[in-house]
Amino acid sequence: MTAIGYPLIIQGGMGIAVSNWRLARAVSTAGELGVVSGTALDTVLIRRLQDGDVGGAVRRALEHLPLPDVAAELLRKYFRPEGRGPDEPYRLLPMYRRAVGSFREQITIAANFVEVFLAKEGHGGRVGINLLTKVQMPNLASLYGAMLARVDVVLMGAGIPREIPGALDALSRHEEATLRLDVEDQPAGEPVTLRFAPTEHHAGSEPLHRPDFYAIVSAHSLATTLARKANGRVDGFVVEGATAGGHNAPPRGALRLNDRGEPIYGERDLADLDAIRELGVPFWLAGGFGSPAALADARRLGAAGIQVGTAFAYADESGFAPGIKRGVLRDLAAGRVGIFTDPRASPTGFPFKIVEAPSLGSHAAERSRRCDLGYLRSAARRPDGRLVYRCAAAPESEFLAAGGELEETVGRKCLCNGLFSAVGMGQALEDGGTEPALVTSGDGIREIAAVARGRESYAARDVLEYLLAGSGDPVRSVEPAGAA
Ligand SMILES: Cc1cc2nc3c(=O)[nH]c(=O)nc-3n(C[C@H](O)[C@H](O)[C@H](O)COP(=O)(O)O)c2cc1C
């Protein structure tokens, strides 16, 4: 932590459920900023309940949800004390649309509450939540749920989160919040709005804590726009380069590919840190900054610290399935791990990094085209006036019927189902198998060998001790809130 109370290290938000409450809690109790991923938490919640909620953490958190009827209904509908039967598929939630029913929205509130509650339980450290701006439809309910659990920081990238600061202000007063929904082919001048009214769900009158808002940006121009034109306070920036795990911003200008078919980035894609410094807002550098030398460099460049993802993704507390972590760490020790930045895989159209390792099999494996989770669906207006939702990784016929173009579907992978498999919650398929896992990490994955030091496992605290060595700021143990 810096002298004025900012974290030196932000453990990056990693979806889906890679940065879960256990990982964020481990980092927060050590005095840095632990961040839970808020992406698709509603499905994460009901899958944990269907798997028997081993250890009882979800049920413990639900007892504190200030919407007791919702907690009871969730348990009635989804909790399976014995877990699922062999090959039994998970029950699914209705996919998000512009407007959804009250209980559907409440599941999202509850899921975000649970994750933040558990990450904050029993200590006084700060906890953040990461949401993707592009996954627009659940975002307001997600933010409100996280705020009911008194989340300290909201971090959002993957889009332009210009309306989020104002939404946080409104939600902290339990007032209706709105966001403009992106709708392809929507007539200009007829904006479509997402609305969320807290009072339809909760009769709270005490204002909620307004979390700090950190925008994740890849370009200084976006930071400048947000600092000047966001509809409320932006408290910090995470400046993320194209080497970071997960989705990356596309390169500027026309897309050029290297001989492996990966996007080529150049000088123009590097953020101008002078311009960011001039904004006078704290910032953290992300993407290949997971080493003590990089932390020192970042500090020299005027950053408050660094945001690190990949090194934490393989820690014991992360949500990646234990077999995946062990396999990749073994492959790493044998020098057999690579990263492929796939320009086509993600239906969002953003480049997405995929780990290549013998233990993971071929990432090019045949995957089913389907869309039953729907988090990456986008909205479009049809000529007959209907609002439709579509994902380019869905079966081609479905995508075309919703007005999509065939060429858009080429090379797309169902990230929703692949990412759920990577955290051990993959859907059972009709042929008795499970959806193949999709594992993402940053270009700097080989550098986590310095943390692993040949071991097949390590803890989040080991990552912090490695990163903070020589910083003059040791890993701490945060006491329970209010403890003497
Ligand atoms: C497994 C994994 C999943 C990620 N998912 C997200 C995400 O859902 N949202 C996000 O903003 N960043 C995501 N990231 C990026 C991290 O938050 C962080 O910025 C990045 O990992 C930093 O670079 P590094 O991987 O070189 O440490 C992800 C990274 C990893 C490794």
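This is a predicted model: local features need pLDDT of at least 70, side-chain atom pairs count only at pLDDT 80 or more; totals for chains, interfaces and linings use all residues.
Residues are numbered from 1 along each chain as its sequence is written, and side-chain values rest on heavy atoms, with hydrogens and water left out.

Across the whole structure, a search finds 29 salt bridges, a salt bridge being a side-chain nitrogen of Lys or Arg within 4 Å of a carboxyl oxygen of Asp or Glu. One of the pairs joins E176 to R195, with the closest N and O atoms 3.2 Å apart. E176 lies in the loop between helix 7 (164-172) and strand 5 (177-181) and R195 in strand 7 (residues 192-196), so this pair ties together parts that are 19 residues apart in sequence; helices (H or I, at least four residues) and strands (E, at least two) are DSSP runs, numbered from the N terminus. E176 is partly exposed at 43% relative accessibility, whereas R195 is exposed, with a relative accessible area of 51%; here buried means under 20% relative accessible area, exposed means over 50%, and partly exposed lies in between (1.4 Å probe, protein chains only).

A second pair is formed by R260 and E356, whose closest N and O atoms are 2.8 Å apart. It links distant parts of the chain, with R260 in the loop between strand 9 (236-240) and helix 9 (273-278) and E356 in strand 13 (residues 352-356), 96 residues apart. R260 is partly exposed, at a relative accessible area of 42%, and E356 is likewise partly exposed, at 25%.

The side chains of E396 and R369 also meet in a salt bridge, at 3.7 Å from N to O. E396 belongs to helix 13 (residues 396-401) and R369 to the loop between strand 13 and strand 14 (378-381), 27 residues apart. Elsewhere, salt bridges that share partners join R126, D169, R210, D212, R233 and D235 into one network.

Helix 7 itself is mostly covered, with 8 of its 9 residues buried. These buried residues are I164, P165, G166, A167, L168, A170, L171 and S172. Their cover includes helix 6 (139-148), strand 4 (153-157), strand 5, strand 7 and strand 8 (212-217), where contact means heavy atoms within 4.5 Å. Just after helix 7, H174 takes a positive phi of about 60°.
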